[in-house]
Protein chains: 4
Amino acid sequence: MAKIPVGVLGATGTVGQRFVQLLAAHPWFEVVVVTGSERTVGRPYREGVNWVIGGGVPDTIADLIVQPTAPNLDIGGTPPVVFSALPTNEARELEPVFAAAGYAVVTNASAYRMMENVPLLIPEINPDHTGLIPVQQATNNWPGFIVASPNCSTTSAILPLKVFQDAFGLETAVIVTLQSLSGAGYPGVSAMDIIDNVIPYIGGEDVKLENEPKKLLGAFQNGALTLADLRISAQANRVPVLDGHLASVSVKLGRPTTPEEAIAALQTWQPPQICRELPTSPLNLLVYRPEPDRPQPRLDRDAGDGLAWTVGKVRQCHVLDIRYLAITHNTLRGAASGSILNAELLVAQGYIHGKS
Amino acid sequence: MAKIPVGVLGATGTVGQRFVQLLAAHPWFEVVVVTGSERTVGRPYREGVNWVIGGGVPDTIADLIVQPTAPNLDIGGTPPVVFSALPTNEARELEPVFAAAGYAVVTNASAYRMMENVPLLIPEINPDHTGLIPVQQATNNWPGFIVASPNCSTTSAILPLKVFQDAFGLETAVIVTLQSLSGAGYPGVSAMDIIDNVIPYIGGEDVKLENEPKKLLGAFQNGALTLADLRISAQANRVPVLDGHLASVSVKLGRPTTPEEAIAALQTWQPPQICRELPTSPLNLLVYRPEPDRPQPRLDRDAGDGLAWTVGKVRQCHVLDIRYLAITHNTLRGAASGSILNAELLVAQGYIHGKS
Amino acid sequence: MAKIPVGVLGATGTVGQRFVQLLAAHPWFEVVVVTGSERTVGRPYREGVNWVIGGGVPDTIADLIVQPTAPNLDIGGTPPVVFSALPTNEARELEPVFAAAGYAVVTNASAYRMMENVPLLIPEINPDHTGLIPVQQATNNWPGFIVASPNCSTTSAILPLKVFQDAFGLETAVIVTLQSLSGAGYPGVSAMDIIDNVIPYIGGEDVKLENEPKKLLGAFQNGALTLADLRISAQANRVPVLDGHLASVSVKLGRPTTPEEAIAALQTWQPPQICRELPTSPLNLLVYRPEPDRPQPRLDRDAGDGLAWTVGKVRQCHVLDIRYLAITHNTLRGAASGSILNAELLVAQGYIHGKS
Amino acid sequence: MAKIPVGVLGATGTVGQRFVQLLAAHPWFEVVVVTGSERTVGRPYREGVNWVIGGGVPDTIADLIVQPTAPNLDIGGTPPVVFSALPTNEARELEPVFAAAGYAVVTNASAYRMMENVPLLIPEINPDHTGLIPVQQATNNWPGFIVASPNCSTTSAILPLKVFQDAFGLETAVIVTLQSLSGAGYPGVSAMDIIDNVIPYIGGEDVKLENEPKKLLGAFQNGALTLADLRISAQANRVPVLDGHLASVSVKLGRPTTPEEAIAALQTWQPPQICRELPTSPLNLLVYRPEPDRPQPRLDRDAGDGLAWTVGKVRQCHVLDIRYLAITHNTLRGAASGSILNAELLVAQGYIHGKS
């Protein structure tokens with residue numbers, strides 16, 4: 001099968017670089033257009049980008065000329081697909097413009113995550129939420145559409161919440177995260193602030209952690225999404241770790257549950273059938289570690305090529321019902337790889353086609 | 001007033017070194033005896049000790065000859081006072097022997113913290129628990145007694161719990177700690193394990209965090225201690241920070257409480273009157289920081305010479321009632337300084353006297 | 001004696017903050033004017049500054065209104081004294097303007113360090129170089145003058161070089177530094193770059209390290225400075241350390257020298273007599289540590305309140321003659337405190353007077 | 001070709017684990033015997049080992065029963081081959097015993113590195129030194145032999161030294177290393193010692209760095225090795241980096257050399273022809289990086305799967321002739337992989353054969 005051509009909006013930033021790196025090796029997609037800021041427009045990508053994420057600029061993309069971020073890109077495909085790595089304010093302005101111009105916008109930005117009828121999507125968790133796409137198109141009179149990924153801190157905690165919701169019902173969660181530096185982008189956190197220290201504050205993160213799971217775990221029925229009836233209390237902390245967000249979670253479930261039942265639910269849960277078709281979805285999506293000192297960011301962030309959840313310390317909570325720890329790789333599962341998975345799902349479900 | 005002579009049991013270990021350092025500059029106490037392991041017995045302290053805590057061996061103590069840890073020490077005082085920095089297993093064996101021999105044992109070890117009639121003591125929180133001392137002496141037929149300090153992780157979270165208990169009643173707490181390396185002693189955690197990482201496990205710490213507050217916040221009445229009716233769920237994590245334990249806490253209170261009320265309670269709470277007489281108790285015991293990114297271990301651990309609690313991010317908890325962050329210096333308030341404060345209280349209350 | 005009024009140019013930056021903090025507690029000087037960028041002009045210092053260096057804004061300075069950096073400041077004193085914490089480019093433009101307007105400019109900036117007739121000054125090393133001041137004034141037709149401090153990396157290595165130059169003669173030095181993060185200012189180095197890493201590059205630093213010692217160790221005679229005849233090869237590295245620059249140095253001396261002779265020279269060397277009058281100069285200026293694993297940045301950077309040099313590992317070099325390690329605190333001895341010491345020397349030598 | 005059976009001595013330690021991990025995926029070798037300490041003898045390897053190096057115990061080796069480290073192992077092969085990951089003192093005692101019993105001992109230990117007639121070997125640098133093997137056998141009357149790898153700090157600096165020796169002659173070198181934590185084994189350095197710090201001391205390392213290059217760069221002629229006529233001055237430092245040793249080196253060459261000539265020499269140098277046959281030797285053995293801020297440990301340690309040297313900052317030295325920085329991965333090129341490469345060379349040269 002011929003690869004599906006795609007564009008990357010904001011390709012010179014760090015999230016954009018990660019998209020470029022991952023898509024360069026992707027079996028289904030091929031980057032044919034990159035866009036960037038005024039400073040970089042008109043230059044070859046290899047010259048416009050300040051590549052900071054390790055490895056090097058992929059050869060297949062290095063010579064693309066950086067385009068302005070405007071909806072007149074020569075991508076091809078039906079609809080033309082763009083991955084958005086735009087900063088929030090640009091995303092807020094430009095993503096609807098691209099959707100109105102007929103593009104499929106697969107975004108990692110936060111601007112429209114909580115907008116009605118925009119699917120907030122993790123294929124293994126709520127693939128049916130793409131059913132919102134036609135509603136979104138009809139409501140906004142858009143030929144294209146927007147599909148969003150959740151915040152990387154939300155992602156770190158979410159899969160066990162989904163498993164427990166399915167198995168026992170889910171009522172409340174107290175979440176404390178220990179988040180890595182790469183979540184703040186580059187240059188991000190000053191070394192002067194974080195060496196020998198913890199910063200118990202990440203702007204806007206607590207609110208995202210408290211709201212996004214309600215949408216991710218909501219029910220899509222009869223053309224509408226009902227948010228999950230769930231209360232969350234979140235405290236996000238920055239720690240001196242390069243990659244990998246650790247979430248410490250206590251949950252109140254719909255019925256009394258033992259740790260053994262909770263562990264069994266985690267070990268037997270299977271993602272929806274359609275995920276088997278997605279090349280980036282890992283075979284072993286949820287790694288349960290029985291050791292008392294796991295998961296650990298450095299040891300577990302790369303499980304499943306950075307796309308698996310590693311879960312451990314599933315225990316009785318003496319205040320709510322069950323507590324656990326979970327880790328994901330924030331710049332892979334929690335960012336670029338997550339959006340690419342979303343695009344794979346859109347292909348599998350027929351929302352995105354190759355060259356016509 | 002002449003200084004009160006004291007001994008330090010296990011003076012060559014890291015906790016013992018901290019005792020020696022702090023007591024060398026203490027206005028009330030004077031170290032006249034140090035004990036150590038077989039390897040060091042008979043040598044001058046300066047030679048027997050491998051001093052690792054910064055500064056240098058205090059001159060006034062450097063030439064003391066290390067004694068065996070046995071209850072025949074030439075201390076003087078009524079009763080003779082020993083600070084115990086013994087490892088847990090030695091503490092378990094030897095502390096009762098010293099109490100039975102008439103010594104006042106002021107211990108930092110965990111062995112007898114939860115033993116009935118042993119006061120688990122923080123002078124600013126439960127000074128009346130020393131009322132257990134005569135009960136302890138009568139029950140065990142000991143002329144001496146044991147008084148214990150709580151675990152350093154318990155200490156980090158406890159003062160706001162006390163304030164809220166006093167003001168609103170306290171029912172449950174979910175506690176997640178981010179604990180420093182010095183809490184593990186020396187050499188403690190391998191740098192190979194903790195650089196670019198978090199270890200979500202500290203042996204025995206969760207259980208201590210779940211049980212010790214019930215005793216600290218219990219009520220002493222009619223010669224007996226009633227544990228506080230309180231459920232706690234704790235998750236202790238080790239982070240790459242040198243000193244200072246950060247606790248992230250959500251609490252369910254006895255009545256609905258706004259963050260403003262909680263903050264007001266923290267800002268107006270006063271320690272018991274007797275604490276004003278204790279030279280080590282800081283003037284500003286509870287530092288409330290209104291900034292969204294405080295407290296931070298490196299910036300706040302030294303507040304009040306390492307003896308104050310710094311509290312911040314007092315907010316509504318969407319699951320329980322109120323949440324907050326608190327930091328203390330684990331090797332000062334949470335260890336040696338805490339025990340020295342206990343001894344000061346014993347002096348102020350008349351349980352310890354100087355040379356007769 | 002009434003305190004000498006001074007101004008701080010660029011008082012809102014991190015170097016400026018350090019000046020403000022140190023001068024607030026200074027026995028001789030009193031900050032009466034602070035200047036800042038356009039954004040902060042006209043606001044009280046406490047509001048204009050983003051205080052990042054720990055502690056808090058000193059009360060005596062907090063309410064000063066930030067002034068524009070122009071030579072019409074109401075300071076008083078003969079001449080009026082300003083400490084310059086300006087960024088290099090502003091320093092290049094403005095410091096001569098202030099000198100021309102009659103100010104004594106005591107600068108930490110690099111702009112005029114190597115300019116002819118500007119003393120590059122460390123009071124304990126070359127106090128006689130202030131003899132260049134009248135030459136500088138005459139040459140430039142300035143009523144005021146500029147006096148500069150060396151770069152913080154130069155400072156870390158320099159005192160032993162001076163001692164060896166005095167004792168044995170000094171021909172060449174190979175210097176490799178391990179420099180701390182605070183040397184890069186704030187926010188400075190991204191945590192993403194330096195955790196689990198070393199960056200073997202600090203822009204411009206190698207050249208400063210190779211040239212500044214020639215001036216510092218030069219001879220002032222007959223109204224002119226002769227640079228020291230000295231060849232230096234320098235490699236500056238950034239390491240994940242908060243404060244304290246470590247220099248590893250091998251030197252070729254004027255005559256064969258044993259490590260014992262070198263150590264004896266270090267231990268017996270005395271700073272010039274006039275330094276005893278300077279309140280900030282530490283009693284123990286050069287701390288020689290005989291342990292094989294010292295000096296270490298975290299353990300030794302605060303020696304002498306951050307103003308001493310700690311030297312160790314003085315050994316035979318198998319290629320040149322002698323090698324050694326030295327540490328200083330880069331933001332104290334290597335920056336603000338160093339400049340304040342320079343001003344103290346100017347007072348002691350009569351170049352600066354109090355209120356007339 | 002059938003794989004060559006090998007044993008691993010001291011297989012349960014961290015170096016032993018690395019041997020096991022690398023050999024499990026090796027195209028030529030197959031681990032059939034593992035030995036360990038008394039505590040682990042008789043247990044399956046997976047139970048005896050405390051696996052700390054990441055990944056997991058390889059399935060093909062997990063069920064091997066740990067044997068005592070004695071020269072009666074059932075390995076097969078002519079001669080039977082053992083990789084030695086023994087601690088120094090055990091290596092000193094046991095390696096000659098194995099050689100005397102007919103084993104080919106390929107060791108990573110330091111015990112016999114400098115022993116006369118033991119090749120200190122890096123295949124890409126001095127493959128002809130294996131010519132010492134028959135001399136060693138004759139001298140000691142051993143049917144087997146010992147071949148050693150250099151210290152990991154020596155390794156980090158050595159390849160450019162070899163290139164320059166070949167091209168220009170080499171007279172002296174001043175070497176300062178910034179070495180990673182994994183070089184100290186596990187648990188190795190305490191986190192309490194190294195966070196926010198540098199330790200300028202690694203026991204015995206300076207002497208190894210000063211002596212081993214003389215042997216590695218020596219000339220084997222007429223059945224004897226002549227040490228290189230070379231003076232080295234070394235200062236080893238431990239920095240808070242997980243893996244990768246950085247060496248900062250200044251060299252005096254046999255003739256005046258420009259940086260351009262030095263860079264050209266590095267870029268055109270080719271390892272001996274025989275290295276092309278060795279499966280572990282990387283295609284791109286010497287990576288020259290022109291950027292001013294490279295090499296960096298985290299970014300460059302994994303070049304060539306941890307077997308390449310990355311070299312940069314080749315500049316004029318103002319004291320000697322040329323200076324440069326070099327990095328290798330200390331637990332791969334500098335330890336286990338290096339020894340495995342040695343064994344590959346021994347196969348290619350016919351000193352080791354498969355099953356007879």
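How many of the 12 residues of α8(D) are buried? Nine of them are, so α8(D) is largely enclosed by the rest of the structure. The legends below describe a predicted model, in which local features need pLDDT of at least 70, side-chain atom pairs count only at pLDDT 80 or more, and totals for chains, interfaces and linings use all residues. Residues are numbered from 1 along each chain as its sequence is written, and chains are lettered from A and ligands numbered from 1 in the order in which they are written.

**View 1. Helix α8 of chain D and its packing partners.** Helices (H or I, at least four residues) and strands (E, at least two) are DSSP runs, numbered from the N terminus. Helix α8(D) covers residues 205-216 and reaches 16 Å from its first C-alpha to its last, close to the 16 Å expected at 1.5 Å a residue; the expected span is 1.5 Å times one less than the number of residues. Its buried residues (20 or more other C-beta atoms within 10 Å of their own, the C-beta atoms being placed from the backbone) include D:Leu209, D:Pro213 and D:Leu216, together with D:Glu205 and D:Lys208. They pack against α6 (152-168), β6 (170-179) and β9 (231-238) of chain D, where a contact requires C-beta atoms, placed from the backbone, within 7 Å.

**View 2. The kinked helix α11 of chain D.** Helix α11(D), residues 332-348, has 17 residues, but its end C-alpha atoms are only 21 Å apart, short of the 24 Å that a straight helix would reach at 1.5 Å a residue. A kink of about 50 degrees is centred on D:Gly338; the bend at a residue is the angle between axes fitted to the seven residues ending there and the seven starting there. Of the 17 residues of α11(D), 15 are buried. D:Gly350, which follows the helix, has a positive phi, near 90 degrees.

**View 3. The two domains of chain A.** The assignment, automatic or from a database, gives domain 1 (4-151 + 336-348) and domain 2 (152-329). Their centres, taken over C-alpha atoms, are separated by 25 Å. In the contact, 28 residues of domain 1 meet 30 residues of domain 2. On the domain 1 side, α5 (132-140) and α12 (332-348) each supply at least two residues, and α12(A) gives the largest share, seven residues. By class, this side has 16 nonpolar, eight polar and four charged residues; Ala, Val, Leu, Ile, Met, Phe, Trp, Tyr, Cys and Pro count as nonpolar, Asp, Glu, Lys and Arg as charged, and the others, Gly among them, as polar.

**View 4. The contact of chain B with chain A.** Here 34 residues of chain B are in contact with 35 residues of chain A. Strand β9(B) gives the most to the chain B side, with five residues. That side comprises 18 nonpolar, nine polar and seven charged residues. Chain B is laid on chain A with an RMSD of 0.0 Å by a turn of 180 degrees and a shift of 0.0 Å along the axis, the superposition being by least squares on C-alpha atoms of residues with pLDDT of at least 70 in both copies. The two copies are thus related as by a two-fold rotation axis.

**View 5. The contact of chain B with chain D.** Each chain contributes 14 residues, those of chain B being 10 nonpolar, three polar and one charged. A rotation of 180 degrees with 0.1 Å of shift along its axis superposes chain B on chain D, with an RMSD of 0.0 Å. Among the residues of chain B, B:Ala191 comes closest to the rotation axis, at 2.0 Å (C-alpha). The same surface serves both copies, since 100% of the contact residues of chain B recur in chain D.

Technical notes. Contact = placed C-beta atoms within 7 Å.
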